[in-house]
Amino acid sequence: MKIQFESTLDFQAQAIEAVADLFSGQQIDRTQFTVTAGTRGNQGTLGLVETDLGVGNRLALLPDELQANLNAVQLRNGLAPSAPPLGGDFTIEMETGTGKTYVYLRTAFELNRRYGFTKFVIVVPSLAIKEGVLKTLEMTREHFQSLYPEARGYDFYTYDSSRLGQVRDFATSHHLRFMVATIQSLYSVQDAAEEGEGVPTGGRGRKRAERVIHRPNEQTGGEKPIDLLRATLPVVIVDEPQSVDGGEEGKGKQALGLLNPLCTLRYSATHLNKAQMLYRLDAVDAYERRLVKGIEVASLQVSSGHNKPYVRVLEVRPGRARTAPSAVLELDVKEGGRVRRKHVTVLSGFDLEQETERELYRGMRVGEIRAAKKEKLVELQLPGDTKWLEEGQEFGGVNEDDLVRAMIARTIEEHLDKELRLRPRGLKVLSLFFIDRVDNYRLYAEDGTPQRGKYAEMFEQEYKRLAGLPKYHALFEGVDLTQAASAVHDGYFSVDKRRVGGKTVETYKDTSGSTAADEDAYHLIMQAKEKLLDLNTPLKFIFSHSALREGWDNPNIFQICVLREMSTERQRRQTIGRGLRLAVNQQGERVRDDGVNVLTVVATESYEAFAEGLQKEIEQDTGIRFGVVEAHVFAGLSVAGSDGQPEPLGFERSQALHAHLRAAGYVGRDGRIQDTLRNDLRAGTVRLPPEFEAVRAGVEATLTKLAGKLEIKNADERVTVRTRRAVLDSPEFQALWERICAKTSYSVDFSTAELIRTCTAALAEMPPVPRTQVQTMVAAIGIDKGGVTATLSQTHAPTALREADIVLPDLLGVLQDRTQLTRRTLAEIVRGSGRLNDFQRNPQAFLEAAAEAINTRKRALLVSGVKYEKTGDWYAQELLDQEISAYLKNTLAATKSVYDRVIYDSPNIERGFAEDLERNSAVKVYAKLPDWFRVPTPLGDYNPDWAVVLEENSVERLYFVVETKGTLFAEALRPTEQGKIACAKEHFAAVADAESGNAQYVQATTLQDVFDAR
């Protein structure tokens, strides 16, 4: 099986274009430099005198041109503009699971194609992430070669101090090259005991040695490897920069500077430094757009288990000027005759018996509270003993093993339920356990023989017990459960070989995942990804230590369970990030089905507490301010310009709209959304100035997102939605289904002459393409004890440059790649536009503008010329007779529907429409059409919302297919939505039956709109 990569995802294309457009106007060029070698000397020296030419990147744009490009990209993406001076670092934020590695690799290919950049160094914080990047490079080779045939000679390798010839190839090759390196390998010095580099330690102390990358070497012709890398002016791509930079010391940041990068592109979901952001796809965007799995929490909370004193340290707070440090503890407190688990703020010396009013806490006091940045501890004084607890640690409560067993059993049950449902669809279900200590899962006898730890024993016992239940009979018919229980689980830990009884055995140790000793385990994990997805591979449950915290994921992880001692806790975002990718089937294809893509997190806290904690982490990690409207947030909304072409609203008009929201009482002085706005959003009565009516839909969509919170679902509220046989078999529904069940294929019929005419006009009407210009700026230099300063004092008008050495690219070939039109058609368009001089003046700028203009007109013609024909196939009614898993809060009880509950996405539009359908006596039957009911269109498949039967005057029956939107005005919808709706009208007109007629296709916001369309 091969995982398939999608090349048409819009959010990934936007991230790639954001970086590519940063260099708009850059000409294809490569700088050649001389790779010098060791000088000729005595016989004992290297004596290599070579003058091979190396090939590096070159940046021809001036700082003010880059600044203008940067601000234009930020405007398009609705980001706050970065003020001068321009820096070398650029930020791209992408939520975990949305294809960050694919995006930055494809960005490199795009930069190579457009501007000729050939040298890219990918810097990662750990071996785990390095292995993941190398695996992705391996898996995508065929994919990228098909997309970028001009880059077929590309290659990649990891920086390896024992294979420095690869560094020389990186520097001298004319082809695209990737070098993947851990940040530690770039440090100027190292501990001599690391990775076998350096000198022997000698004596008791550890010597510090210069790393191989900073020492002359024979394999690099006597040059320092770092110097060869520096000479190429590489584009440096930093994966997880918050871990690479090196914290307060900034060692990683300094090491990145040694590479002399042309620019540094920083990719992460959790940036600490967000300088010069180009693109942002944050956690809320990813969840709302269903680019990652939905999240549910299976909460295991102890109920009535207050028979032992329980203390959990939730937070340690430093003291202020005149106040002592404090701590927030979770305690079992007696209130109103009942015991409840509560959060209590305490100081040093507090008596816990008094705080809880429970004798169980007698003799327990709060001792010293330490609130240092790196040491947050609470001393718990017990009768005759003392315990020190860190944040997240707990003491007492229920037996730990009992709770662990319950969590294991819940995870297995969730797993088997999904396997029962998904295995027939060709999806392998995987579950991931994070454990606190390896010896809880695997032990070793004195002779080195491996033995099961207590977690492994619990797992096999619970697996056999649950697998034997009647509801799972279809999964285990004829299977030896003892053998199966042993085969379905395994642990991935770092391997440490040692001598036991005269032979070498492998033992497993706790590991942080940052040392070379861990590499064997990472190879096993990363290289087995596709094998793990194979239904024929018995392994389904993976136990791991912290090695899988970062840099590893698998698309078919559906359950994550954190098994820990009561004293440890993991970050929620880091935990769920391992399982957010959308699932794949046995053909390696992504399955985009909300009913499938659900990640279940087995936790011991309530789902409300989990959601609250996750939201805090997102705010801390990403800087998202939930419920706050920033002044620039509307800048990227599209409006019609004076020439009728779409253009961004812009920062100034966004600020004006923000000022109106404040004046209207919709947002506070700090930008925080008020309840009046939430109420008006629900009622559809938001007041906007007339000049912003054209962007109302976009404004309301933005405000709705900001007004809400990230939704985490409760696994215990999951319900099974079943069909109503009486409705499904009724004559009314049978007649409705006959009118809509036919499948169609489409063809696009448009005149080539019309295509040429309209695209020629688009090119002719394009804004002028400027020449390459030089901008002169004068700055006064001041030198004093404070340092050297430069103050801009004067600027001159830009001067156009006549670049006689411009190599013109293949105009028709590039446009053919970007528009998929023939060279002959493109030749007519370009010649007729009269803009060939612009191409000669600035080829890159012309190509970018021309491709966009042609594609815009081409899409409009595709939709206007689409024609549908019935194929003879149809959607079988039996497909409706399936149980569907849903959440209670997103469903509505129904009596007229094909299903006993209606599943809705929008609580305002769809729920309200369903309620109207249930209440109105004229509605006989209806169905919320399932995801698999799709209409093919040139712009992608389309899934209509509803099928409805109305009865008028108790005689005439009317049949409708309904699309519910928040507006009936086409101009308020995105162009793709407009196009799909237009295609859907043609489809349903084509499926009309000569005898029974057709179902009328209607766009509606309420049921009244359907009646009005009769």
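## A residue and its partners

Not counting residues up to four places away in sequence, Thr720 touches Glu883 and Ile884, where contact means heavy atoms within 4.5 Å. Thr720 is found in strand S32 (residues 718-721). Thr720 counts as partly exposed because its relative accessibility is 35%; buried means under 20% relative accessible area, exposed over 50%, and partly exposed in between (1.4 Å probe, protein chains only).

This is a predicted model, in which local features need pLDDT of at least 70, side-chain atom pairs count only at pLDDT 80 or more, and totals for chains, interfaces and linings use all residues. Residues are numbered from 1 along each chain as its sequence is written, and side-chain values use heavy atoms, with hydrogens and water left out.

## The chain and its confidence

The chain has 32 helices and 45 strands; helices (H or I, at least four residues) and strands (E, at least two) are DSSP runs, numbered from the N terminus. Of its 1014 residues, 50% count as buried. Among contacts between residues at least 6 apart in sequence, 69% join residues at least 24 apart.

The average pLDDT, the predictor's confidence in each residue from 0 to 100, is 82 for the chain, and 83% of the residues score at least 70. Confidence is highest in strand S9, at a mean of 97, and lowest in strand S35 (residues 777-784), at 37. Over residues 38-51 the pLDDT is below 50, and this stretch has 20 contacts in the model beyond near neighbours in sequence. Residues 191-207 also stay under 50, with 22 contacts beyond four places in sequence. Where pLDDT is low, the predicted coordinates should not be read in detail.

## Cores and a strand pair

A nonpolar core is a set of buried Ala, Val, Leu, Ile, Met, Phe, Trp, Tyr and Cys residues joined through side-chain atoms within 4.5 Å. The largest has 50 residues, and Leu278 is one of those with the most contacts inside it. Helix H3 (residues 100-115) supplies the largest share of this core, 8 residues. A second, separate core of 35 residues includes Tyr959 and Ala999.

Strands S44 (residues 956-964) and S45 run parallel and are joined by 5 bridges; strands pair if DSSP finds at least two bridges between them. Within this pair, Val961 stands opposite Tyr1001 in S45. Strand S45 (residues 1000-1004) has 4 of its 5 residues buried.

## Backbone exceptions

Most residues other than glycine have a negative phi, and most peptide bonds are trans.

| Site | Value |
|---|---|
| Pro84 to Pro85, cis peptide bond | omega near 5° |
| Leu233, positive phi | phi near 45° |
| Glu240, positive phi | phi near 60° |

Pro85 is placed in the loop between helix H2 (63-76) and strand S3 (89-94). Leu233 lies in the loop between helix H7 (225-231) and S9, and is partly exposed, at a relative accessible area of 29%.

Is Glu240 buried or exposed? Glu240 is buried, because its relative accessible area is 13%. Its side chain makes a polar contact with the side chain of Ser268 at 3.0 Å. Such a contact is a pair of N or O atoms within 3.5 Å; within protein, one must be able to donate a hydrogen and the other to accept it, and residues adjacent in sequence count only if both atoms are side-chain atoms.
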